[in-house]
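Dear colleague,

I am handing over the structure below, and after it you will find notes on what was found. Please read them with the coordinates open beside you.

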Amino acid sequence: MAKTLPKVDVVVIGVGWAGGIIASELTKAGLTVVGLERGKERTTEDYYMAHDELRYALRYELMQDLSKETITFRSNEKVRALPMRQYGSFLLGDGLGGAGVHWNGQTFRFLPYDFQIRSMTEQKYGKNKIPAEMSIQDWGITYDELEPYFDKFEKTAGISGEENPLGGKRSNPYPTPPMKMSPAMKMFADAARKLGLHPYMMPSANLSQAYTNPDGVQRAPCQYCGFCERFGCEYGAKADPVVTVIPVAKKTGKFQLRTHSHVRRILYSGDKATGVLYTDVTTGEDIEQPADIVVLTSYVFNNVRLLLMSGIGKPYDPASGTGVIGKNYAYQVQKGNAIGFFENREFNLFAGAGALGVVLDDYNGDNFDHSQLQFIHGGGISLTQTGQRPIQNNTVPEGTPSWGKDFKSQSIKYANRVLKVGGQGACMSYKHHYLDLDPTYKDTFGDPLIRITFDFEEQDRQLAKFLADQCAAIVKEMGADKVQSMKELGPYEITTYQSTHNTGGVIMGASPDSSAVNNYLQMWDMENLFVVGASAFPHNSGYNPTGTVGALAYRAAEGILTYRKKGGMLV
């Protein structure tokens, strides 16, 4: 029998960016909050003298143990889903801070087009532009409504950047100036301008200078060490929840963090959540934590899985199109890229930072005419200098053997003579792309795993080829002696890393008929349950999701405080 603890105002499930923001904002307002994190606690001291590519980048020390819990995947309903037993397409963070610890720090705002994508596409191009199987929808909120929350997140994180000439309007400039521009980045920017494009410095959570945020949190600037993605930052220069919002919540004395706490179910009576059931993984004890308000702030897959296991909300049925939990899973189109090999020029590619780069949005959103194209939306194109670590960076020209003497000589020759320009394409949602509970495979507790049904569509193939061609034109303008680019996008495969930008499954919208949460991320079916994260995205944009997750979390926190005072549905 589970042990029952005293009731608190709010329980937060998962303490990463979303959970940390919610905890910080609610405790500052005087509410008592318990944060349940299934992994261990972390501090910046954990990463001192730990620039170890093998330990973190290849052995995945910061990631979820796939032998205890994983996902299953299938490309369509006709084939059997199988578990992901080793990391490939994406990485699932584990421990305090979640994916906010091992991210690169690239912090974009989604475009105004994203939030009204269906209505704006139909208005400009007609309803026939959107295939019948494509299930994109407006988000139930506009960019202008969300802009103040973008601004708040950027100030909390100290985002370094400059104005995006093709982005939405800003109420304030970035709180810190852009990072340094390397020679390779300058080549990209100069070439892009010659082609009539609009490059700008990538918005970065790697601080360009010392910064104190509105909560009084002081952080040091980035050292350009090249160990961001898959690593924690010992300087605290990379904004993550552990060095920004979580300390603020702790300082109030109203926040209790419980690590090694694996939430199994959301408890409820009628149409109200009453708390959660979790297992203390250090003792095996089952514990009930009652709360007036429950906030689900874990990773996309976990948000969906916990709702389905708890029987909250109507599961999505792709055959009938009814139900909302699991609907509109989307990923990202990352393979539209080009590589330039330089025979007589070398670059200091060992130095870098996760969000050190130059990007352009001329081919993102609806910033270009799609009338004669067989796809909608687009993607950002960038040259980033994240730091060429030795094990995973052996880029050689096409035709080079994958091992042996020639491979070694070509690897050495081009170690500092190769530049990559990449396109990060948006991913539209489809009726037959969704998440549900696997009927066969279970985790270490005996609970069903989440199952992904997804593959690239003709939309994705057309978009990837288009972006690859634009990338190749820029690389050629940069003066590369050899240019390679993607020729064709094949089927989606889960074994090769692409991005950790999974979205959807608990999507937001203007109606309970087509969405699970409203624009405060309050569940339509359960007014005191809020579900915060990229699970709310009805599709995925041509950007990294964290900036938009942060903005939505601040809006959700505001909604929770309003609900605490007045009750009822906020929308």
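How much space lies in the second largest cavity? About 80 Å³ lies there, where a cavity is a set of points, on a 1 Å grid over the protein atoms alone, at which a 1.4 Å probe fits but cannot get out, and where a volume is the space filled by probe spheres set on the points, these being joined across faces, edges and corners. Please keep in mind that this is a predicted model, in which local features need pLDDT of at least 70 and side-chain atom pairs count only at pLDDT 80 or more, while totals for chains, interfaces and linings use all residues. Residues are numbered from 1 along each chain as its sequence is written, and side-chain values use heavy atoms, with hydrogens and water left out.

The lining of the second largest cavity (residues with an atom within 4 Å of a point) includes Cys-222, Cys-225, Cys-228 and Cys-233, and by class it divides into eight nonpolar, two polar and two charged residues; here Ala, Val, Leu, Ile, Met, Phe, Trp, Tyr, Cys and Pro count as nonpolar, Asp, Glu, Lys and Arg as charged, and the others, Gly among them, as polar. Of the 16 residues that line the largest cavity, Arg-109, Asn-164, Gly-167, Gly-168 and Tyr-174 lie nearest its centre.

Turning to the sheet, six strands form an open, antiparallel arrangement in the order 6-15-16-17-14-20 (strands are DSSP runs of E of at least two residues, helices runs of H or I of at least four, both numbered from the N terminus; two strands pair if DSSP finds at least two bridges between them). Strand 6 (199-201) and strand 20 (482-485) each have a single partner strand, so one side of each is left without a neighbour in the sheet. Strand 14 (residues 333-341) pairs with strand 20 over four bridges, and Phe-341 stands opposite Lys-482. Helix 11 (residues 458-477) packs on the sheet, touching strand 14 and strand 20 among others, contact meaning heavy atoms within 4.5 Å.

Finally, helix 1 (residues 17-28) and helix 12 (residues 546-566) pack at an angle of about 35 degrees with their axes 9 Å apart, the axes being lines fitted to C-alpha atoms over the stretch in contact and angles running from 0 to 180 degrees between N-to-C directions. Residues that meet there include Trp-17 and Ile-21 in helix 1 and Ala-553 and Tyr-554 in helix 12.

With best wishes

Notes
On a 1 Å grid over the protein atoms alone, a cavity is a set of points where a 1.4 Å probe fits but cannot get out, and a pocket is an open set with protein on both sides within 12 Å along at least five of seven lines; lining residues have an atom within 4 Å of a point.
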